[in-house]
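Let's take a friendly tour of a protein together. Have a look at the sequence and the model, and then read on.

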Amino acid sequence: MGTIAISGCATGIGAATRKRLEADGHRLIGVDIKDAEVIADLSTAEGRARASSEVLRHSAQQLDGVVLCAGLGGHIRDNARVLSVNYFGAVDLLDGLLPALRSGREPAAVVICSNSAQLSPEFGSLPVVAAMLAGDEDEARRIAADGLPGQLVYMASKHALGCAVRRRAAAWGEAGVRLNAVAPGPVRTPLLQGGLDTPGDGDMIRAFKVPIGRFGEPEEIANVVRFLLGPECAFVHGSIWYADGGADASLRPDRF
Ligand code: NAD
């Protein structure tokens with residue numbers, strides 16, 4: 001049994017993952033804007049710094065796992081905030097908590113990305129993605145707030161996040177800490193419901209084809225996170241696991 005920090009644990013995928021891991025006997029340290037051991041706003045650098053230092057305090061600087069679920073949907077009409085939470089709210093915690101993971105037992109981290117992160121081959125050349133990957137939050141927020149569609153900002157933030165996970169594989173492997181991501185398709189959570197209830201965004205989400213014919217449940221993503229954290233996955237590192245009912249495979253069958 002270990003000590004695991006989890007962001008975005010108040011609702012949806014994070015809440016289901018917390019429940020699943022607690023049922024396995026782990027001790028969870030939650031970080032969220034509400035209903036968590038560590039209350040922090042991950043949209044700001046100060047909030048993220050406080051979240052890291054509070055988690056380190058609660059864990060006595062030793063973590064066996066980190067799960068980063070906090071995120072905002074593209075229907076939220078504050079592009080800069082969506083970008084900051086989805087990208088910087090994950091990478092700053094990853095980097096801030098790595099020293100504590102290095103002291104853990106069979107340590108591993110899992111980040112919740114999205115299958116939308118690869119919906120367009122153009123994402124990799126977007127200036128907003130370059131700014132995120134360069135760590136330039138002010139510039140990334142400026143570009144995102146300057147008329148980009150909200151759903152594009154969401155997908156760009158998840159594209160950059162997937163790159164950030166893969167770019168850390170070499171250093172984290174050497175540090176002895178495994179790092180992977182899950183790329184869910186549509187999952188029935190408050191975030192998805194918010195999108196479905198938003199004019200325009202809702203029609204787009206409803207038109208999204210999922211080969212197995214339904215949306216996912218938060219518990220189904222929690223099971224993948226649990227698997228990736230565990231000893232069965234000791235050789236899995238730097239990977240992005242699609243849990244999307246086959247949507248990515250049907251959209252880009254020959255790219256993997
Ligand atoms: P959700 O809205 O139920 O959960 C998001 C959590 O993040 C909540 O607990 C919320 O309080 C927290 N959060 C939001 N803003 C925050 C902030 N500023 N600081 C701290 N915490 C904050 O949504 P979900 O669907 O469970 O989303 C979890 C993750 O899964 C997100 O990263 C999301 O992008 C990703 N995802 C979801 C879907 C889906 O269809 N639901 C699909 C792909 C990826």
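The ligand is surrounded by 31 residues, and the closest of them are Thr-11, Ile-13, Asp-32, Tyr-154 and Thr-189. Keep in mind as you explore that this is a predicted model.

| Protein atom | Ligand atom | Distance |
|---|---|---|
| Asp-41, polar side-chain atom | nitrogen | 2.8 Å |
| Leu-42, backbone N or O atom | nitrogen | 2.9 Å |
| Cys-69, polar backbone atom | oxygen | 3.0 Å |

Now let's turn to the helices. Two packed helices are described by the angle between their axes and the distance between the axes.

How do the axes of helix H1 and helix H10 cross? H1 spans residues 12-23 and H10 spans residues 218-229; their axes come within 8 Å and cross at roughly 55°. That angle makes H1 oblique to H10. The crossing is right-handed. On the H1 side, the contact is made by Gly-12, Ile-13, Ala-16, Thr-17, Arg-20 and Leu-21, while H10 brings residues including Pro-218, Ile-221 and Arg-226. Sorted by class, this contact of H1 with H10 has 8 nonpolar, 3 polar and 3 charged residues.

A second pair is helix H3 (residues 79-102) and helix H6 (residues 150-167), which pack at an angle of about 15° with their axes 9 Å apart. H3 is therefore roughly parallel to H6. Here, too, H3 passes H6 in a right-handed crossing. Among the residues that meet are Val-82, Leu-83 and Tyr-87 in H3 and Val-153, Tyr-154 and Leu-161 in H6. The contact of H3 with H6 divides into 10 nonpolar, 4 polar and 1 charged residues.

Definitions and conventions. Residues numbered from 1 in each chain as written. Predicted model: local features only at pLDDT ≥ 70, side-chain atom pairs only at ≥ 80, totals over all residues. Heavy atoms only, no water. Axes fitted to C-alpha atoms, helices over the stretch in contact; angles between N-to-C directions. Helix = DSSP H or I, 4+ residues; strand = E, 2+ residues; numbered from the N terminus. Parallel < 35°, antiparallel > 145°, perpendicular 65-115°, else oblique. Left-handed = near helix turned anticlockwise from the far one by under 90°. Contact = heavy atoms within 4.5 Å. Nonpolar A, V, L, I, M, F, W, Y, C, P; charged D, E, K, R; others polar. Near = heavy atom within 4 Å. Polar contact = N/O pair within 3.5 Å; in protein donor to acceptor, adjacent residues only side chain to side chain.
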